[in-house]
Amino acid sequence: MELMNRHVPDYQFAEAHTIYVPASPARVLDVVTRSEVVDDPIVRALIALRELPNRVAGRLGFASALRERPSFGLADFTFLGRDDDREIAFGLAGRFWQSDYGLIAVADAQAFHTVKSAKIAKLVMNFTAEVEGSGTRLTTRTRVWCSDGAAKRSLLPYWWLIRPASGLIRRRLLRRAHDMALRQ
């Protein structure tokens, strides 16, 4: 977890999910971010539900930061790197508890590492692939670091509300990566 530890060594919130995949670590990490894996109809529905109030407000003529933006997805994350066939990591910075996510544009891993604004959170989601028997233990972890007490107080209720859906999304992602790795 070198990449995750490098970018979010300290954190206040975390979750992890894992699955065994009877394929090599290289194959598993190669498929984990393929569009066939991340483009899940249930995930799209959960994100649409999360974004619904902001998008409806925009259609009714009220302010909406999501009006011209596509739905939230992996493209909103910053690629933080890949450590051979062991780990791949992505980062996100912003005020996730806001209806428009309050995202902060981050160009690359170095920029992500240096983001330190007040009242923000930084999230790292990684996938690690460890040899287990004749296959791979694929694990996804999410860690969130809050820049200050205000950010932590804002994120806490959001975390408890979104965590069940977040866990479902990650478990589905792991299952889809499992299935894709076996098809190739």
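Q: What relative accessible area does Phe13 have, and is Phe13 buried or exposed?
A: This is a predicted model, in which local features need pLDDT of at least 70, side-chain atom pairs count only at pLDDT 80 or more, and totals for chains, interfaces and linings use all residues. Residues are numbered from 1 along each chain as its sequence is written, and side-chain values use heavy atoms, with hydrogens and water left out. Buried means under 20% relative accessible area, exposed over 50% and partly exposed in between (1.4 Å probe, protein chains only). Phe13 is buried, because its relative accessible area is 6%.

Q: Which class describes the aromatic pair of Phe13 and Trp159?
A: Rings of Phe, Tyr and Trp (its six-membered ring) pair if their centres lie within 6.5 Å; planes under 30 degrees apart count as stacked, over 60 as edge-to-face and the rest as tilted. The structure holds 4 such pairs. In the one formed by Phe13 and Trp159, the centres are 5.4 Å apart and the planes are at 45°, and the class is tilted.

Q: How many residues apart are the parts of the chain that Phe13 and Trp159 link?
A: Helices (H or I, at least four residues) and strands (E, at least two) are DSSP runs, numbered from the N terminus. Trp159, which is buried with a relative accessible area of 7%, belongs to helix H6, while Phe13 belongs to strand E1. The pair links distant parts of the chain, and the separation is 146 residues.

Q: Why is the pair of Phe72 and Tyr101 stacked?
A: Both partners are buried, Phe72 with a relative accessible area of 17% and Tyr101 with 5%. The ring centres of Phe72 and Tyr101 are 4.7 Å apart and the planes are at 25°, so the pair is stacked.

Q: Which residues form one aromatic cluster with Phe72?
A: Phe72 lies in the loop between H4 and strand E2 (78–83), and Tyr101 in the loop between strand E3 (87–94) and helix H5 (109–114), so their pair ties together parts 29 residues apart in sequence. The cluster that holds Phe72 also takes in Phe77 and Tyr101.

Q: What is phi of Tyr101 near?
A: Most residues other than glycine have a negative phi. Asp84, in the loop between E2 and E3, has a positive phi near 50°. Tyr101 also has a positive value, and its phi is near 75°.

Q: Which element gives the most to the lining of the largest pocket?
A: On a 1 Å grid over the protein atoms alone, a pocket is an open set of points where a 1.4 Å probe fits, with protein on both sides within 12 Å along at least five of seven lines; lining residues have an atom within 4 Å of a point. Of the 39 lining residues of the largest pocket, the closest to its centre are Ile47, Phe72, Tyr101, Ile169 and Arg170. Helix H3 (35–38), helix H4 (41–59), strand E4 (121–132), E5 and helix H6 (149–183) each supply at least two residues. With 13 residues, the element that gives the most is H6.

Q: The side chain of Thr136 reaches the backbone oxygen of which residue?
A: Thr136 lies in strand E5 (residues 135–146) and is buried, with a relative accessible area of 0%. Leaving aside neighbours within four places in sequence, Thr136 is in contact (heavy atoms within 4.5 Å) with residues including Ile19, Val28 and Glu130. At 2.6 Å, its side chain reaches the backbone oxygen of Ala23.

Conventions
A polar contact is a pair of N or O atoms within 3.5 Å; within protein, one must be able to donate a hydrogen and the other to accept it, and residues adjacent in sequence count only if both atoms are side-chain atoms.
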